[in-house]
Amino acid sequence: MLLQRSLIASVLAALIGVATAAAADDSKYPEWRGQWRRPPGVGIQWDPTKPLGPAQQAPLTPEYQKVFEASIADQRAGGQGGDPTFTCIPPGMPRAMTVVFPMDIIILPEATYIIIEYSNQVRRIYTDGRDWPKEAEPSFLGYSIGKWVDEDGDGKYDVLEVETRGMKGPRSFDASGLPVHTDNATVVKERIYLDKANRDLLIDNVTTIDNALTRPWTVTKKYVRDRNPIWFEYNCTENNRHVQIGKDNYYVSADGFLMPVRKDQAPPDLKYFKQGQN
Amino acid sequence: MLNRNIIIAAVAALALATVTAQAQDASKYPDWSGQWKRPPGAGIQWDQTKRPGRDQNPPLTPEYQTIFEASLADQAKGGQGENSRVTCSTNGMPRVMTVIRPIEFVIQPKLTYVIFESYMPRRIYTDGRSFPTDQEPAMIGYSIGNWRDLDGDGRYDLLEVETRNFKGPRNLEATGIPLHRDNQTVVKERIQLDKTAKDTLLNEITVIDNAFTRPWTITKKYIREQGKVIWNEDECGENNNHVVIGKDNYFLSADGYLMPTRKGQQPPDTRYFNQTRN
């Protein structure tokens with residue numbers, strides 16, 4: 001009888017252990033559900049603590065400082081400078097993490113998905129221990145591998161460390177045309193975690209290593225949570241009035257005619273049309 | 001002694017129930033993981049079993065049959081007809097479920113995501129909510145789903161989805177099979193694994209639309225990638241050579257000049273340019 005009772009107790013203990021393990025497994029990931037937005041008053045510049053443009057004080061090489069200044073000059077004249085997104089090319093990484101429009105985050109054991117409304121960007125951050133693929137096509141968002149870290153040893157993950165490579169271009173840091181190198185060898189390292197004092201504040205320390213920069217450049221992005229979100233559909237090409245023809249960009253007027261974006265801009269060369277405009 | 005046995009039995013029952021409940025909860029959703037593609041040989045027409053165009057035999061009203069015929073005639077001359085995808089506008093529902101490029105399902109207890117390579121993800125809410133009254137219309141609509149356990153085995157087999165609240169322009173395939181411009185479309189889907197082939201997903205789609213004389217039901221099949229899953233980034237806006245100016249569409253030549261898409265097409269009106277091209 002005593003042996004039987006001990007056996008039952010052992011089985012019971014084992015069962016409780018299984019239940020606890022299952023519960024622990026379910027709860028080891030942080031709770032990042034909901035909709036994440038830029039905090040009120042934060043614009044769409046790369047470093048949210050500084051104004052857009054030269055005040056960002058980007059650590060650019062002399063060559064890319066000139067590229068940046070040419071972008072700003074072109075934008076002053078009515079052009080788009082080094083900002084490629086006017087033709088509805090997505091911003092790619094790391095600019096996607098400016099989160100122009102809100103994002104949500106799905107955490108699964110094998111991957112974390114970041115779904116960003118702006119430009120329909122879906123990041124897959126693989127956390128299954130894989131290595132960098134040899135055959136992946138370069139993309140604007142790149143290829144992201146992540147690692148969950150339990151920093152305070154409480155059995156729950158706190159930080160998602162992410163490295164992103166394999167980008168293609170053209171990309172820029174923000175709408176002023178702050179450039180990344182055209183070699184597209186950018187490496188982006190992120191540490192994403194909840195603020196310890198405010199569980200509705202998500203922090204992303206983003207370090208960009210790029211040949212347009214003299215040193216790695218780290219900025220901190222913050223996002224605030226809306227737990228009862230409304231999602232909108234962002235369709236960049238819907239009513240996009242910007243038109244690029246060859247190397248020149250133009251605008252389509254409200255009444256449907258092509259118009260210049262710069263003072264004294266010439267119309268496009270229409271040599272492939274046999275007939276003249278009536 | 002009796003008391004002790006009762007306590008042991010009660011705790012054992014509780015532990016078992018807890019483990020069982022957790023296991024059931026984790027496994028009650030079907031395994032739709034992986035990458036889903038159109039079956040080999042299936043094109044991008046609406047009804048996979050018929051050829052695109054007139055052979056689809058859409059149950060169009062006489063008014064919308066005329067619109068469809070005009071679309072086909074325009075495309076025969078080099079135009080785009082009713083196919084609004086030319087500007088990279090999202091295809092919207094239900095056309096996105098043609099799955100031109102692969103998709104992924106991410107099933108969460110209250111929400112199922114359908115993630116595309118080309119468009120914003122669909123969010124199918126399965127938390128028992130009603131259709132909102134204050135949501136902006138969207139090309140992808142607003143989707144509410146209901147999981148069903150058809151065979152009573154304690155696991156869900158079928159996701160029933162209803163999608164409403166659209167905007168346009170939308171159509172069913174590249175030939176321009178039109179949907180009504182009132183955007184009152186209702187789409188009902190029944191998504192489930194094929195009982196005899198667990199790597200085949202069936203989506204029975206019924207479209208109720210005022211362009212049709214009756215609800216139109218077709219079944220889409222998707223097959224699960226058995227090899228290595230590779231996700232690509234499909235950015236329609238990248239290198240899109242179609243240009244729409246006013247009501248006319250043009251094409252950009254490989255050497256960067258605007259060119260006609262129809263025989264005898266006039267060039268765009270350049271009345272807003274002060275200068276002439278040298």
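Colleague: In this predicted model, which residue stands opposite B:Phe251?

Modeller: B:Phe251 faces B:Met259, a residue of strand E12 of chain B.

Colleague: What makes strand E11 of chain B a partner of E12(B)?

Modeller: Pairing requires at least two bridges between two strands. Strand E11 (residues 248-252) of chain B is joined to E12(B) by 2 bridges, and the two run antiparallel.

Colleague: Why are E10 and E12 of chain B said to stand at the edges?

Modeller: The open sheet has 3 strands in the order E10-E11-E12 (chain B), paired antiparallel. Strand E10 (242-245) and strand E12 (258-259) of chain B each have a single partner strand, so one side of each lacks a neighbour in the sheet.

Colleague: What makes B:Tyr64 a buried residue of H2(B)?

Modeller: The label buried requires 20 or more other C-beta atoms within 10 Å of the residue's own. B:Tyr64 is classed as buried, as are B:Phe68 and B:Ser71; each of the three therefore reaches that cut-off.

Colleague: How do you know that the buried residues of H2(B) line one face of the helix?

Modeller: Viewed down the axis of H2(B), they fall within an arc of 55°, so they share one face. On the other side of H2(B), the exposed residues are B:Pro62, B:Glu63, B:Thr66, B:Ala73 and B:Ala76. The label exposed applies at 12 or fewer such C-beta atoms.

Colleague: How does the span of helix H2 of chain B compare with the expected value?

Modeller: Helix H2 (residues 62-76) of chain B has 15 residues and reaches 21 Å from its first C-alpha to its last, close to the 21 Å expected at 1.5 Å a residue. After H2(B) comes B:Gly78, with a positive phi near 115°.

Colleague: How is chain B divided, and how many residues of its domains are in contact?

Modeller: Chain B comprises domain 1 (36-224) and domain 2 (237-267). Their centres, taken over C-alpha atoms, are 29 Å apart. In the contact, 7 residues of domain 1 of chain B meet 7 residues of domain 2 of chain B. On the domain 1 side, 2 are nonpolar, 4 polar and 1 charged.

Colleague: Which element gives the most to the side of chain A that touches chain B?

Modeller: The contact takes 55 residues from chain A and 56 residues from chain B. H1(A) gives the most to the chain A side, with 8 residues. By class, that side has 36 nonpolar, 11 polar and 8 charged residues.

Key: Residues numbered from 1 in each chain as written. Chains lettered and ligands numbered in written order. Predicted model: local features only at pLDDT ≥ 70, side-chain atom pairs only at ≥ 80, totals over all residues. Helix = DSSP H or I, 4+ residues; strand = E, 2+ residues; numbered from the N terminus. Domains from an automatic or database assignment. Contact = placed C-beta atoms within 7 Å. Nonpolar A, V, L, I, M, F, W, Y, C, P; charged D, E, K, R; others polar. Expected span 1.5 Å × (residues − 1). Arc of directions from axis to C-beta.
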